[in-house]
Amino acid sequence: KGAIDQLFVADDVFGKEHVLPKIDESGRWENIPVCMPSLMTHVIPKGEDLNALIIPPEPNLKNKIDILPGAAPKIHKVIACTWAATTFRTRGNRANVNDGKRRLQEWLEFNLLSGFDHIYVYDNSGAFTNEDSLADVIGLFDKSQVTRVDWPCKICSNRDGNEGDRSSQYAAESSCRLRFGAHARWLGSFDTDEYLVPMGDFNSMGEVADKFDEDGVKVAVFKSSPAKPRFDLLDDPSNTMTSAGTFTPTVTEDETFLHTYNCNWEKFPRKNDLSHRRKQMYRADYVKLHYVHYSTITVVSQLTEAETNSAGEIWTHRYKEPHAHEVDEETEATMLHTKSKVEHNTNGWDSRCKQSVSSIMEGHCSLGFPFPKDYDPNKTPARSDGRAYNCFMNEIIETRWWPKLVEAMERRGKITG
């Protein structure tokens with residue numbers, strides 16, 4: 001009888017005059033989304049015909065398992081999603097980084113240059129302030145190319161005060177895949193310090209995506225390791241020098257992050273990287289659930305053994321994604337990770353970066369002193385300041401993409417901050 005007395009009956013509590021209760025009486029029910037389709041809200045101008053935006057039919061693919069019956073029409077070949085804010089805290093709350101606007105503008109400019117059809121920016125600034133956002137930067141770009149999604153969702157963390165945990169970012173990634181991925185062939189979620197660069201004979205990521213389709217690739221995996229900012233291009237260290245001898249590596253106003261950070265501790269193509277930092281670009285119809293660095297559920301992974309065999313796939317008890325491809329950094333594309341170096345990264349830099357003690361590894365000296373293009377250990381003279389060469393430039397970035405980026409940014413004008 002006690003259980004019956006406590007039985008929740010919606011009609012008794014809310015009555016029968018409305019379907020949904022009032023917001024202040026509804027508890028978790030207020031999370032039920034009641035809104036227009038995302039394309040109508042954010043992408044397609046009022047009165048525009050969706051059918052007029054649909055891209056040409058698929059080419060003859062090597063494997064069509066991801067083209068499902070009733071799939072949504074595609075209006076973009078390659079799209080990118082990012083979660084960004086005017087300012088953020090690094091993991092472990094070691095530093096506050098406030099170059100969000102400047103970072104975003106350069107990153108948007110580059111991605112449009114490199115062949116992304118549309119970019120969705122999940123603006124998390126509202127989680128920290130009501131006085132500023134990324135809207136002014138995004139407003140520099142045409143709405144047909146860049147969409148801002150207001151995303152003031154705060155970070156939840158099981159570690160007290162660790163704003164470096166990114167629950168808000170994970171939710172934004174899933175939202176972008178579900179809301180906008182359905183209308184694109186290829187999708188990737190990247191940070192604004194990660195640059196996907198077409199290599200070899202490719203002039204755009206759209207062309208690279210076409211090759212992936214021809215080869216039957218569904219998940220393209222990009223190697224990643226943080227690049228070093230080139231010391232000679234940074235602002236004078238004395239401007240931010242502390243009494244402990246540390247300083248904040250600062251990209252000057254007349255430089256770009258792409259150019260300044262074009263220096264990896266390992267020569268391209270890289271044999272070593274940090275696998276937990278790898279990023280992916282994937283067929284949006286094929287990947288059903290994605291988590292930052294991994295395609296956790298795909299069309300094939302959710303099939304039964306009988307369904308797998310029927311689809312012409314190979315069944316294994318321990319699943320390994322059969323359509324993943326590690327991107328060739330010489331002939332296809334590469335990812336430059338321009339992760340900001342902050343003050344604590346320069347601890348002991350004056351001694352650690354010297355010729356006599358430095359070694360070619362990622363973390364020994366966080367500042368970049370690039371090897372000359374035609375470096376010969378027997379002929380190339382040492383640096384006059386005694387610093388050790390410790391990183392390699394990507395010549396395609398240096399000679400092809402950086403000049404294009406500078407030209408495009410000069411035409412548009414800069415917003416800094």
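Biologist: Which residues touch the most other members of the largest nonpolar core?

Modeller: This is a predicted model, in which local features need pLDDT of at least 70, side-chain atom pairs count only at pLDDT 80 or more, and totals for chains, interfaces and linings use all residues. Residues are numbered from 1 along each chain as its sequence is written, and side-chain values use heavy atoms, with hydrogens and water left out. A nonpolar core is a set of buried Ala, Val, Leu, Ile, Met, Phe, Trp, Tyr and Cys residues joined through side-chain atoms within 4.5 Å; buried means under 20% relative accessible area, exposed over 50%, and partly exposed in between, with a 1.4 Å probe and protein chains only. The largest core has 44 residues, and the most other members are touched by Phe116, Phe222 and Met281.

Biologist: Which helix gives the largest share of this core?

Modeller: Helices (H or I, at least four residues) and strands (E, at least two) are DSSP runs, numbered from the N terminus. The largest share is five residues, and these come from residues 100–113, helix H4.

Biologist: How many of the residues of H4 are buried?

Modeller: H4 is largely enclosed by the rest of the structure.

Biologist: How far apart are the end C-alpha atoms of H4?

Modeller: The expected span of a helix is 1.5 Å times one less than its number of residues. For the 14 residues of H4 this gives 20 Å, which agrees with the distance between its end C-alpha atoms, 20 Å.

Biologist: Which residue stands opposite Ile79 in E4?

Modeller: Strand E1 (residues 76–84) pairs with strand E4 (residues 118–123) in the parallel sense, over six bridges. Within this pair of strands, Ile79 stands opposite His118.

Biologist: Is His183 buried or exposed?

Modeller: His183 sits in the loop between H6 and E6. Counting contact as heavy atoms within 4.5 Å, and leaving out residues up to four places away in sequence, His183 touches Leu39, Ala72, Pro73, Lys74, Ile75 and His76. Its relative accessibility is 15%, so His183 counts as buried.

Biologist: Which residue stands opposite Pro198 in E13?

Modeller: Strand E7 (residues 194–198) runs antiparallel to E13, joined by five bridges. Five of the five residues of E13 (residues 333–337) are buried, so this strand is largely enclosed by the rest of the structure. Opposite Pro198 stands Ala333.

Biologist: How many residues apart in sequence are the parts that Arg230 and Glu398 tie together?

Modeller: A salt bridge is a side-chain nitrogen of Lys or Arg within 4 Å of a carboxyl oxygen of Asp or Glu; for Arg230 and Glu398 the closest N and O atoms are 2.9 Å apart. Arg230 lies in the loop between E8 and helix H8 (257–260) and Glu398 in helix H11 (residues 395–412), so the separation of the joined parts is 168 residues.

Biologist: How many salt bridges does a search of the whole structure find?

Modeller: One of them joins Asp99 and Arg103, at 3.7 Å from N to O. Another joins Asp150 and Arg148, at 3.4 Å between the closest N and O atoms. The search finds 22.

Note on methods: Two strands pair if DSSP finds at least two bridges between them.
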